[in-house]
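Please walk through the disulfides of this protein and then look at a patch on its surface. An explanation in running paragraphs will do.

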Amino acid sequence: TDAQEGEFKYVVSLRLNLSHICGGTILNDRFVLTAAHCVCDGSKPNDPTSYSIQYGSVNISSDTQRSINVQSIKCESFNTLSFTYDVAVLELATAIPAGNNWEPVVLSQSFDSSDQHEGIVVGWGRLWQDGPIPTTLQKLTVRTLPSSFCGVLFDNDHHICLTASVGSVCNGDSGTSLVVDGVQVGISSFITSKCGSTSIMTPNVYAKVPTYYNWIIENSRL
């Protein structure tokens with residue numbers, strides 16, 4: 001479903017040479033949160049000068065309007081085998097100008113994975129397997145899986161599993177947020193089947209924000 005203008009003011013498009021590759025969320029006017037696999041080769045950051053963010057609208061474009069270059073990337077603990085610590089903080093070259101078209105995200109400091117929760121995920125990822133990248137931000141209502149299910153295949157300390165009745169996240173959604181009760185609890189990390197469908201056995205998997213909360217805060221202080 002198309003998101004409405006002003007609905008998710010903390011979401012940004014992360015671009016490589018002005019082409020959308022991932023999403024992110026605004027921590028403050030100088031720092032953005034995303035997934036490490038979007039911007040790092042293992043725990044080694046890629047060249048930050050190739051990346052920029054586009055903020056302030058649900059619609060993205062391949063030009064430089066509302067665009068700010070990335071100055072540095074932090075992702076020192078990303079493990080590509082276990083896909084733990086799939087979290088990165090981007091420092092922007094200049095501050096996002098003050099205005100009413102953006103706001104910082106609120107990060108979750110605790111999340112009870114033992115229960116199911118309804119949440120919302122967003123992104124500019126492909127609309128279906130090998131499908132087009134939308135120009136308007138998409139939103140999807142999802143349900144998290146209890147840790148008794150998620151922990152069978154993944155690490156409950158680092159991962160949140162979720163399913164949707166229709167649709168799923170896809171390529172290009174990485175780095176965007178899972179929000180439950182108004183706070184960001186997850187960062188889109190990986191999918192376990194083709195885009196477009198999820199099940200208890202093939203969930204979408206998000207990095208668990210509370211586990212990384214202190215690291216995120218430490219690395220996004222001005």
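In this predicted model, the torsion about the S-S bond of C150 and C161 is about 70°, so this disulfide is right-handed. The two sulfur atoms lie 2.0 Å apart. C150 belongs to helix 2 (residues 147–153) and C161 to strand 11 (residues 159–163), so the bond ties together parts that are eleven residues apart in sequence. Both ends are covered by protein: C150 is buried because its relative accessible area, 2%, is under the 20% limit, and C161 is buried as well, with a value of 1%.

C22 sits in strand 2 (residues 19–28) and C38 in helix 1 (residues 36–39); the pair links distant parts of the chain, 16 residues apart. Their sulfur atoms are 2.1 Å from each other. C22 has a relative accessible area of 6% and is therefore buried. C38, at 7% relative accessibility, also counts as buried.

A further disulfide joins C40 to C75, with an S to S distance of 2.0 Å. Its torsion about the S-S bond is -115°, and the link is left-handed. C40 lies in strand 4 (residues 40–41), whereas C75 is in the loop between strand 7 (67–74) and strand 8 (88–92), so parts that are 35 residues apart in sequence are tied together. C40 is buried at a relative accessible area of 7%, and C75 is buried at 2%.

The surface patch comes next. F149, V152, L153, I200 and M201 make a nonpolar surface patch of about 520 Å². One of these residues, M201, is placed in the loop between strand 13 (183–191) and strand 14 (204–208). Is M201 buried or exposed? M201 is exposed because its relative accessible area, 60%, is over the 50% limit. Helix 2 spans residues 147–153 and holds C150, the cysteine that is buried at 2%.

Key: Residues are numbered from 1 along each chain as its sequence is written. This is a predicted model: local features need pLDDT of at least 70, side-chain atom pairs count only at pLDDT 80 or more; totals for chains, interfaces and linings use all residues. Side-chain values use heavy atoms; hydrogens and water are left out. Patches are made of residues with over 30% relative accessible area and no salt bridge: like charges are joined within 9 Å, nonpolar side chains (Val, Leu, Ile, Met, Phe, Trp, Tyr) within 5 Å. Accessible areas come from the Shrake-Rupley method with a 1.4 Å probe; for residues, only the protein chains shown count as cover. A salt bridge is a side-chain nitrogen of Lys or Arg within 4 Å of a carboxyl oxygen of Asp or Glu. Helices (H or I, at least four residues) and strands (E, at least two) are DSSP runs, numbered from the N terminus. Buried means under 20% relative accessible area, exposed over 50%, partly exposed in between (1.4 Å probe, protein chains only). A disulfide is a pair of cysteine sulfur atoms within 2.5 Å.
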